[in-house]
Amino acid sequence: MRQSPLFTPLDVGSMTLSNRITVPPMCQYQAKDGKPSTWHLVHYGKLAGSGASLVCIESVGVAKEGRITIGCLGLWDDEQVEPFAEVIRTMRAINPDIKVMVQLNHSGRKGSHDVQWVGKLLSPQEGGWVVKSASPISAGGAYPVPEMMSKADIDTVVEAYAKAAARAQAAGVDSIQLHAAHGYLVHQFLSPISNQRDDEYGGSLENRMRMPLRVFEAMKKAAPDVVLGVRVSATDWIEGGWNEADTIAFVNALKPLGCEFVDVSTGGLAEHQAVPVAYGYQLKFARQIKDACGLTTFGVGLIKDARQAESAIVEGSCDAVGIGRQMLLDPHWGWRAALELGVDVEFPPSYKRGMHL
Ligand SMILES: Cc1cc2nc3c(=O)[nH]c(=O)nc-3n(C[C@H](O)[C@H](O)[C@H](O)COP(=O)(O)O)c2cc1C
């Protein structure tokens, strides 16, 4: 039996992961009024038993109008806490060692859609809502031009993040990830392409980071017992957009506010991005940010097999990998990786007989 760095424990703040395999947030579009459904119970229960040490529950809207689609999860109401707690209890019943993270998000100008496989923008008459953002600039294509958020709107959103973080903590999560990536509201404030305000929330990098830093600070205050971190898009893949240097400045500004990890993704801000998608295409950014910021770093993006995942850790690109679509295809990816790498791990007792063909 060999040892693999992929199967060594990792401390992330006060949380210890049993290995370096994680499941990144992936929207399911199966919620009703923001509440998890039977789909979520089975889906997340299944992923809790995947061999990953941590599962991040998909994008959760901090406000009704902060959802991406009408099928997205939400934590804008106290009534939503118990259905989330039920999902988390189910995950821990399947795997007592699993660490549960939730991603808190506000969609801003990319909201008000029907579920992803329908895709259509919904008007308020059809159950959608008027979208708002840092500036009245569309994300391109069929995306609408949002209304510009007032300072009072910004205060309301900061408060919504804080309350949703408190609800996530009450539901029993180990960790919360602020979604500052993929062109949603926080990213819309960060990027000079989507934020062209001339008040204290726009212009300089310091001003563009003001709303995101306020959000993070409010979340930390509201949910002091969970491990708090951030998902970033390290680049917009657009000339003149948000880039690696900006990301490093942002992550360094989050550190004194209690940020304990960074999950490095890219893109999603606007339709005219040019993304060179290939194996590990985001790992060089993860490495850059890990080296510059010294925070626990998650790498993600087209990491498909066990050897690639192991290499990402051995080469020092990241401290843990996110395995997204491969986990949807093969929800025992983690166990399969252990077998492929010849690593001796403790399989779930009910499955043990199936692991030795
Ligand atoms: C079905 C699906 C839903 C996704 N939903 C989210 C989401 O809610 N939040 C997020 O930050 N990224 C989301 N992503 C991106 C993934 O977290 C991940 O970064 C991406 O799929 C790249 O990793 P992979 O190549 O291992 O799939 C989603 C991806 C997929 C395939």
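Guide: Start with the packing of helix α7. Its buried residues pack against α4 (185-190), α5 (205-208), α6 (210-222), β10 (227-233), β11 (261-265) and α8 (283-293). This is a predicted model, so keep that in mind throughout.

Which residues of α7 are buried? Helix α7 covers residues 244-254, and D246, T247, F250, V251 and L254 are buried in it. These five cover an arc of only 130° around the axis, which puts them on the same side of α7. Here is the general rule behind such a pattern. An α-helix has 3.6 residues a turn, so residues three or four places apart point the same way.

Now look at the loop between β10 and α7. W237 is found there. W237 has a positive phi of about 55°, although it is not a glycine. Is W237 buried or partly exposed? It counts as partly exposed, with 19 C-beta neighbours inside 10 Å.

Another loop runs between β9 (175-180) and α4, and H182 is found in it. H182 also is not a glycine, and it has a positive phi of about 55°. H182 is buried, with 21 other C-beta atoms within 10 Å. The cut-off explains the two labels: a residue is buried if 20 or more other C-beta atoms lie within 10 Å of its own.

Step back to the whole chain. It has 11 helices and 13 strands. Buried residues make up 52% of its 357 residues. The C-alpha trace spans about 60 × 40 × 35 Å along its principal axes. A compact globule with 357 residues would have a radius of gyration near 21 Å; the chain has 19 Å, which agrees. Take the contacts between residues at least 6 apart in sequence: 72% of them join residues at least 24 apart.

Next, the core. The largest nonpolar core has 98 residues, and V55, Y161, I176 and M219 touch the most other members. Helix α3 (residues 151-171) gives the most to this core, with 10 residues. Leaving out residues up to four places away in sequence, Y161 touches V62, L104, V215, A218 and M219. In soluble globular proteins, nonpolar side chains tend to be buried together.

Then comes the ligand. It is surrounded by 21 residues, and the closest are P24, M26, S59, G324 and R325. β4 (54-61) and α10 (325-329) each supply at least two residues of this shell. By type, the shell divides into 9 nonpolar, 9 polar and 3 charged residues.

Compare another helix, α11 (residues 333-341). Its buried residues are W333, G334, W335, A337 and A338. What covers them includes β3 (21-23), α9 (306-314) and α10. Recall that α10 also supplies residues to the shell around the ligand. After α11 comes G342, whose phi is positive, near 70°.

Finish at an exposed spot. A142 lies in the loop between β7 (132-133) and β8 (147-148). A142 is exposed, with 11 other C-beta atoms within 10 Å. A142 and K120 are 22 residues apart along the chain, and their C-alpha atoms are separated by 8.9 Å.

How values were computed
Residues numbered from 1 in each chain as written. Predicted model: local features only at pLDDT ≥ 70, side-chain atom pairs only at ≥ 80, totals over all residues. Buried ≥ 20, exposed ≤ 12 C-beta atoms within 10 Å, placed from the backbone. Helix = DSSP H or I, 4+ residues; strand = E, 2+ residues; numbered from the N terminus. Arc of directions from axis to C-beta. Contact = placed C-beta atoms within 7 Å. Near = placed C-beta within 6 Å. Nonpolar A, V, L, I, M, F, W, Y, C, P; charged D, E, K, R; others polar. Rg over C-alpha atoms; globule rule 2.2 N^0.38 Å. Core = buried A, V, L, I, M, F, W, Y, C linked by C-beta atoms within 7 Å.
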